[in-house]
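Good morning, everyone. Please have a look at the fold on the screen, and then I'll walk you through it.

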Amino acid sequence: MNTYFRFEQPWLLLLAALLPLFWFVGRRLQRPPVVRFAAARIFERATTFRRSWRKTVVALARPQFGTATNRVRASGIDIMILLDVSLSMLSEDFSIGSERASRLEVVKQVTEKFINGRPDDRIGVIAFSGRAYLVSPLTLDHTWLVENLSRLSIRRLGDQTAIGSSLVEDGTAIGSALATAANRLRDKRAKSRVIVLLTDGDNNAGKIPPLTAAEAAAALGIKIYTIGAGTNGLVPFPHSDGFGNTYYSQEYMPFKEDTCREIARIGNGVFFRASDTKTMREIFEQIDRLEKTDLQVQKQQSYQDGFNWLLGAGLCLLSATFVLSETVWSKVP
């Protein structure tokens, strides 16, 4: 809510510019007095009369104080973000600042910024490796959503994989993730429904073929954007020696684009390739521009007149001027 000031009839303020002219003409036409009361010298330079007229003119212009309230009506978008959390996402071929970082850490950071930039959209997150895990359903509580996203982590425990505190099956079940997201986006009341799929590998787990899941989502009118993350080739991969020490090996992790490209085509979306942190940020910014939320702003204004005190002050000064002109300021020809 904002407070405003205005004049309802500002053209009347032009009269104030003519007051000096009226005063000058009146002085020229005034006959010099023969006898002046001694006390009148005190008020010889008085400007009370002129000031009272100024206030009267300002009052006639009707100064007003008011408030304006903007009411925003948003037609939001439902977005499900699918994040690959297979072990390969621990590869450190990305960076945050000047420090080397894993693919997952960069994806979490960029996704958080994307979420915070869309306050009027319902957003959910699904993590997937050998199967899909619901991190957050569609929600407008983005603070809670980001908190859940920040807790998402991967680590290897012996020959098994852990997401958070749970042991899971490693792999990349893209089809299962797409099917889970499409089921969460069945509500057709949203203006638009979007899936953003991010993975660094090809589908190698789950019982649902990814193209079949993409066709089912497209049949529901859901648009699909796909992002291929990571360097196509040798990448530094972290290992632990069991004593808390980390060492790295160079692992060959090729990325096959065909599946992601075809998913985006079926889902009437776009396929993107992110091989570094800068490109990853630019891709999410581009998706943000492609999927805009409709906002309608209604402005309500309410004003109240504030001329009463100005008019009252002007009338009081005019009355005082009249009384003084008949007494202290009186002149005898």
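Six strands form an open sheet here, in the order β8-β7-β4-β12-β13-β16. The pairing is mixed. Two strands count as paired if DSSP finds at least two bridges between them. Helices (H or I, at least four residues) and strands (E, at least two) are DSSP runs, numbered from the N terminus. Which strands sit at the edges? β8 and β16, and each of them pairs on one side only. From one strand to the next, the twist averages 15°.

A word on the source. This is a predicted model, where local features need pLDDT of at least 70, side-chain atom pairs count only at pLDDT 80 or more, and totals for chains, interfaces and linings use all residues. Residues are numbered from 1 along each chain as its sequence is written, and side-chain values use heavy atoms, with hydrogens and water left out.

How confident is the predictor? pLDDT is its confidence in each residue, from 0 to 100. The protein averages 80, and 66% of the residues score at least 70. Over residues 40-49, though, the pLDDT is below 50. Beyond near neighbours in sequence, that stretch has 10 contacts in the model. Contact means heavy atoms within 4.5 Å.

Helix α7 packs on it, touching β12 (192-199), β13 (223-229) and β16. The direction of α7 makes about 160° with that of β13. Such angles run from 0 to 180 degrees between N-to-C directions, and axes are lines fitted to C-alpha atoms, for helices over the stretch in contact. Helix α8, residues 277-290, lies across β12, β13 and β16. α8 runs at about 155° to β16.

Now the β8 end. Strand β7 (residues 122-128) and strand β8 (residues 132-139) run antiparallel, joined by 5 bridges. A hairpin of 3 residues connects β7 to β8. Valine 125 stands opposite serine 136 in β8.

There is another hairpin, made by β14 and β15. Glycine 233 stands opposite methionine 253 in β15. Between the two strands are 5 residues, and glycine 242 in the turn has a positive phi of about 90°.

Next, two helices. α3 and helix α4 (residues 142-150) pack at about 175°, with their axes 10 Å apart. That makes α3 roughly antiparallel to α4. The cut-offs: under 35 degrees is roughly parallel, over 145 roughly antiparallel, 65 to 115 roughly perpendicular, and the rest oblique. On the α3 side, the meeting residues include Lys108, Thr111 and Ile115. On the α4 side, they include His142, Leu145 and Leu149.

Stay in α3 and find phenylalanine 114. Is phenylalanine 114 buried or exposed? Its relative accessibility is 6%, so phenylalanine 114 counts as buried. Buried means under 20% relative accessible area, exposed over 50%, and partly exposed in between (1.4 Å probe, protein chains only). Leaving aside neighbours within four places in sequence, phenylalanine 114 is in contact with Ile79, Ile81, Phe284, Ile287 and Asp288. Isoleucine 287 is 173 residues away along the chain, yet the two C-alpha atoms are separated by 9.2 Å. Across the protein, residues 24 or more positions apart account for 76% of the contacts with a separation of 6 or more.

On to the inside. Of the 333 residues, 40% are buried. A nonpolar core is a set of buried Ala, Val, Leu, Ile, Met, Phe, Trp, Tyr and Cys residues joined through side-chain atoms within 4.5 Å. The largest has 43 residues, and Leu198, Ile227 and Met280 touch the most other members. Helix α3 (residues 103-116) gives the most to this core, with 6 residues. A second, separate core of 20 residues includes Met80, Ile195, Ala217 and Ile263.

Where does asparagine 268 lie? In the loop between α7 (258-266) and β16 (271-274). Most residues other than glycine have a negative phi. At 61% relative accessibility, asparagine 268 counts as exposed.

Terms used
pLDDT = per-residue confidence, 0-100.
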